[in-house]
Amino acid sequence: MELIEGVVTRDGKATVRAGGESVQLTAPGADLKAARDAVLASAKDAVRERGEVCRLEITDNGRRHVFAAHPDGSLVPLADPSPADAAELQDVAPPTPAPAPAAPEPALIEDVPTGASLLTAAPAAPSSTPHLAVPPRPDLPSTPVEEHRTDYPVEPAVTTAPPADQGPVTRRSLRDTTFLVDDSRHDPAAKGFRGLLTRIGIKQEPSAAELAERDDIAVVSRHWPGTRTIAVVNRKGGSAKTPVVAGLSAVFGRYGGGGVLAWDNNENSGTLPIRTEQEPHGASVLDLLRDEDRLRDGQSHGLIAGYVHHQSADRYDVLWSDQNDFGDHEIQAEEVRRAHAVASRYYRMLVMDSGNTARAANWKAMIELTNQLVIATTTGEDRAELGSRTLQTIAERDEHGARLAENAVVVVSCWKPADMVEAQRIAGLFEPLVRFVVIVPFDNALKAGRIRFDAMQPNTQRAWLAAAAAVGRGL
């Protein structure tokens, strides 16, 4: 079990030592609560980076607290260290000697973040001797770590002439020569405990999780030649199709710089207009079809703005279905093709929401135009079952449908906070059938009201990034 040590001194100085690196988080004179918060947060980051249970020892004003620290942030108190550990306890004291207090004082650990309230418990056998500061271990450097690093790359000496035992340098073509430096190294870590070390001047390689996130961002930032169409489907209502459309559109719009249209392709009225921002004009796909000749001949991107509804923070637009409760017009296949041709003039990506009828003409036309299929489902077994049947319907329709089904991405949205186990079960059943499955955790920001990416929890945002990257890899 790897050891992570934290020290908080009476003057507010906070220090963390992990993996042979010692980091001072606050300077002397800092607020005592802020110092404790910094030690706990940094220690939890270090445990999360390692991905395994670590032994966490925090010395606060001479009193040591020992925990088993888990990657999920939980802390489990351990028994007090034995007397044989006394030398190790002294080793974690700060290197600057501090005068011994006139009389022992109780540890002050109140008002500490989640999990740290465990530190308020007094040790089983409190020591009666005052805390003494001792020098650091002899095998650790007493000067700053940066001055003793030896892992910096050493550039070879530049040679201006070939060795004597070689022939003359062969001339190369100018077309085959470049003076640009090929720098394929990763940027240093920016997140977690490694990112903290980077920010204070100790550059660290990014973790595997951070590298995976960077890869996903690179995929969703890409621009493909021509317009790409993504269809989000499930014949069962309440399968979170609309949140999936909004989540994917937000990721592609934010990282790709816009050019994304979320299209509510319901045969009458759908829910996407209710869950997104609305412009005053209230236009729908029927207005776009009415003026399609004008839009086909338009030379300015601003012309489309009067027919779509812009999402200011998430950088995508929404094309409404007909919201007239008294209307009786249902979108037909040819109208979907015409609207698609117009939208493709103005957008690089179309993310299409859909109704619940696979027999509808507009639904079939959407599948014909689709480049990437997404099956949306929640953790309700009826939603998952109908999602599977929808996949089967598309796969058996024709050769194009079979390719879409084989390359499909499934997004399983947790309907309740306790649904992760059920989501994993459903995902496991889908995995042999499709190219990729992503689970989106429960998030109140997705349950009701307008869907905004910034309102979601960080783990939810990361799940949407993974889902969008999975979609992008199939385009």
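In the predicted model, V260 has M349 of β11 as its bridge partner. The two strands concerned, β8 (residues 260-265) and β11 (residues 349-354), run parallel and are joined by 6 bridges; strands are counted as paired if DSSP finds at least two bridges between them. Helices (H or I, at least four residues) and strands (E, at least two) are DSSP runs, numbered from the N terminus. Residues are numbered from 1 along each chain as its sequence is written. Because the model is predicted, local features require pLDDT of at least 70 and side-chain atom pairs pLDDT 80 or more, totals for chains, interfaces and linings use all residues, and side-chain values use heavy atoms, without hydrogens and water.

Strands β8 and β11 belong to an open sheet of 8 strands with mixed pairing, in the order β9-β10-β8-β11-β7-β12-β13-β14. At its edges lie β9 (309-311) and β14 (436-440), each of which pairs on one side only. Neighbouring strands of the sheet are turned by 25° against each other on average, direction ignored. Axes are lines fitted to C-alpha atoms, for helices over the stretch in contact, and angles run from 0 to 180 degrees between N-to-C directions. Helix α14 (residues 458-472) lies across β7 (228-233), β12 (372-378), β13 (409-413) and β14, and runs at about 160° to β14. Contact denotes heavy atoms within 4.5 Å.

In soluble globular proteins, nonpolar side chains tend to be buried together. A nonpolar core is defined here as a set of buried Ala, Val, Leu, Ile, Met, Phe, Trp, Tyr and Cys residues joined through side-chain atoms within 4.5 Å, where buried means under 20% relative accessible area, exposed over 50%, and partly exposed in between (1.4 Å probe, protein chains only). The largest such core has 45 residues, and V233, L288, W363, I367 and L373 have the most contacts inside it. Helix α9 (residues 333-346) gives the most to this core, with 6 residues. When residues up to four places away in sequence are not counted, I367 touches V233, L373, I394, H400 and L404. Another core, of 39 residues, lies apart from the largest one and includes V219, W320, V409 and V438.

F67 is located in strand β5 (residues 63-69) and counts as buried because its relative accessibility is 2%. Its C-alpha atom is separated by 6.5 Å from that of E57, 10 residues apart along the chain.

Overall, the protein has 14 helices and 14 strands, and buried residues make up 43% of its 475 residues.
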